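Visitor: Please show me the structure, and then I will ask about parts of it.

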Amino acid sequence: EEFVEVVSSGTGQSFGFNQWAPRILKREFEAPKHGFPMGSAFKDFETLQEAFSNEGLEIPPVLAGALATYKEALTRGLADEHKGAMVKVWERKMDVTCSAAKS
């Protein structure tokens, strides 16, 4: 919770972080209740890939990393959850769980 508070109040804040971090801490991954399902949103990544390819451009590293995480999330069966559930990919790799501190 402190991490989310610090990032949300500094230069690291973004719409995505502010939108998904509180839901991640509460473990609210249900779509469409809490966001658009990843499986349905993947077409946006496909559109980006096609646009870069058509222009003969490499996919930028940040986008490539996000795409790899997204694909792994879909492979792990998270297509029906919102994109905040991508954190589960990294939780598994790092053997941690991101959640709010218990009172």
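Predicted model: local features only at pLDDT ≥ 70, side-chain atom pairs only at ≥ 80, totals over all residues.

**Pocket, histidine, helices**

Visitor: What volume does the largest pocket have?
Guide: A pocket is found on a 1 Å grid over the protein atoms alone, as an open set of points where a 1.4 Å probe fits, with protein on both sides within 12 Å along at least five of seven lines; a cavity is a set where the probe fits but cannot get out. Grid points are joined across faces, edges and corners, and the volume is the space filled by probe spheres set on the points. For the largest pocket this volume is about 460 Å³.

Visitor: Which helix gives the most to the lining of the largest pocket?
Guide: Lining residues have an atom within 4 Å of a point, and the largest pocket has 16 of them. Helices are DSSP runs (H or I, at least four residues), numbered from the N terminus. At least two lining residues each come from α1 (2-8), α2 (15-25) and α5 (87-94). The most, six residues, come from α2.

Visitor: Is histidine 34 buried or exposed?
Guide: Histidine 34 sits in the loop between α2 and α3. Buried means under 20% relative accessible area, exposed over 50%, and partly exposed in between (1.4 Å probe, protein chains only). Because its relative accessible area is 13%, histidine 34 is buried.

Visitor: Which residues does arginine 23 contact, leaving aside its neighbours within four places in sequence?
Guide: Arginine 23 is in helix α2 and is partly exposed, at 24% relative accessible area. Contact means heavy atoms within 4.5 Å. On that basis arginine 23 is in contact with Glu28, His34 and His82.

Visitor: At what angle do helix α3 and helix α4 pack?
Guide: Axes are lines fitted to C-alpha atoms, for helices over the stretch in contact, and angles run from 0 to 180 degrees between N-to-C directions. The axes of α3 (residues 38-54) and α4 (residues 61-75) are 11 Å apart. Residues that meet there include Phe45 in α3 and Leu67 in α4. The packing angle is about 145°.

Key
Residues numbered from 1 in each chain as written. Heavy atoms only, no water.
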